[in-house]
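Dear colleague,

My notes on what was found in it follow directly after.

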Amino acid sequence: MIDRRQVLGAALAGVVAGPAWAATYPDRLIKLIVPFTPGGPVDVMARLVGQYLSAKLGQPVVVENRPGVGGTLASKLVATADPDGYTLLFASAGSLAISPSLYKNIGYDPIGAFAPVAMVANHPLAMVVHPGVPARSVKELIAYAKANPGKLNYAAPIGTPPQLMGELFRTLAGIDIVFVPYKGAAPALTDLLAGRTQMTILSTAIIVPPILAGKLRALAVTSTTRWHELPGVPTMTEAGFAGFPQGSWTAVVAPAATPPAVIAKLNGTINEGLRSSELHDGFVKLGAEIKIDTPQQLGALLVEETRKWAEVVKSSGITVN
């Protein structure tokens, strides 16, 4: 027969041991999983955050790149890892909030499988057209598209925030534009510059240089306020699209059931870094605007973003093979 006193004693020991263990966290290497290939803006930001965490926590933080299947491979790896704070995901809007609606049988609950840790940054996008398009504002673009249904080709990497934002814009504006899929932002930009496509919405990190060079015309930005490199370009809200997504965000999450004390320590350290010039300057160079939130605020964002993009995917009929 089970001794209830032993069971109670074991339970109490666990309660005491939990906080005690969390107080010594971390005492070994931490893995920061990135769902993209090395060298891109998200990867660079992950490494900046990893370096800061390593310096402040006194343990190595190793970035591991696990690209594939829209980021769901990396997400599943972290979702099924031990909830001890030693395996973290440097997530993005695409990999965490969009891909679960695009891919079937991902093998994890996009909300329930993760414990929100910290928001990191927002990555504004800019809506641009080739100079051959006779539109100098979003309003004029909509009018031109309505007068020329099916004539405008929209370039974007498939299964990404740029594609979904284009689909959302098409639906909200009630226009007929043709989506042209690309494997990445670079080839999409190349064809747009060559005039083989006519418009896109891409990250300011890669689209600003050709705008400033006069090779593309910017009509709007998705940031909350006017982007510092394009002060003369209105926001989507100013252009009449209040509530339009503000960009593609990045955030850190951990496996569900990671101890709250560990989450709090990571959140505090990351937020401390985001307030420092060390990380701030590096993020600005990458075309990102820093966002500082609590785990609870990030959790609410994840729920809302997943719901919102699921609706966009469903209404647009987008599929990924």
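Helices (H or I, at least four residues) and strands (E, at least two) are DSSP runs, and they are numbered from the N terminus. The model is a predicted one, in which local features need pLDDT of at least 70 and side-chain atom pairs count only at pLDDT 80 or more, while totals for chains, interfaces and linings use all residues. Residues are numbered from 1 along each chain as its sequence is written, and side-chain values use heavy atoms, with hydrogens and water left out.

I begin with a residue in a strand. T250 is located in strand 10, which covers residues 248-255. T250 is buried, at a relative accessible area of 1%; here buried means under 20% relative accessible area, exposed over 50%, and partly exposed in between, using a 1.4 Å probe and protein chains only. Contact is taken as heavy atoms within 4.5 Å. Apart from its neighbours within four places in sequence, T250 is in contact with V42, M45, F90, A91, S92, M119, V120, A121 and H123.

The next point concerns a pair of strands. Strand 6 (residues 153-157) pairs with strand 7 (residues 178-182) in the parallel sense, over five bridges; two strands are said to pair if DSSP finds at least two bridges between them. Within this pairing, A156 stands opposite P181 of strand 7. Together with helix 6 (residues 161-173), strands 6 and 7 make a right-handed β-α-β unit. A crossover is called right-handed if, with the strands pointing away from the viewer, the path from the first strand over the helix to the second runs clockwise. Strand 6 is largely enclosed by the rest of the structure, because four of its five residues are buried.

Two residues that touch each other deserve a joint description. N271 is found in helix 9 (residues 260-274) and counts as buried, at 6% relative accessibility. Leaving aside neighbours within four places in sequence, N271 is in contact with A118, M119, I292 and D293. D293 itself lies in the loop between strand 11 (289-290) and helix 11, and is partly exposed, with a relative accessible area of 22%. With neighbours within four places in sequence again set aside, the contacts of D293 are M119, N267, N271 and L298. The C-alpha atoms of D293 and V120 are separated by 8.2 Å, although the two residues are 173 residues apart along the chain.

I turn now to the pockets. On a 1 Å grid over the protein atoms alone, a pocket is an open set of points with protein on both sides within 12 Å along at least five of seven lines, whereas a cavity is a set of points where a 1.4 Å probe fits but cannot get out; lining residues have an atom within 4 Å of a point. Grid points are joined across faces, edges and corners, and a volume is the space filled by probe spheres set on the points.

The largest pocket has a volume of about 960 Å³. It is lined by 35 residues, of which F36, V42, P157, T160 and P161 are the closest to its centre. At least two lining residues come from each of helix 2 (41-57), helix 4 (93-102), helix 6, strand 8 (199-203) and helix 8 (204-212). The lining comprises 18 nonpolar, 15 polar and two charged residues, where Ala, Val, Leu, Ile, Met, Phe, Trp, Tyr, Cys and Pro count as nonpolar, Asp, Glu, Lys and Arg as charged, and the others, Gly among them, as polar.

The second largest pocket has a volume of about 270 Å³. Of its 14 lining residues, N122, Q246, W249, L301 and E305 are the closest to its centre. Strand 4 (114-123) and helix 11 (295-316) each supply at least two residues of this lining, which divides into six nonpolar, four polar and four charged residues.

Finally, some backbone details. Most residues other than glycine have a negative phi, and most peptide bonds are trans. A cis peptide bond joins Y25 and P26, with omega about -5°; P26 is in the loop between helix 1 (4-23) and strand 1 (30-34). V69, which is not a glycine, has a positive phi of about 50°. V69 is in the loop between strand 2 (61-65) and helix 3 (72-79) and counts as partly exposed, at 41% relative accessibility. A257, also a residue other than glycine, has a positive phi near 80°. A257 is in the loop between strand 10 and helix 9 and counts as exposed, at 66% relative accessibility.

With kind regards
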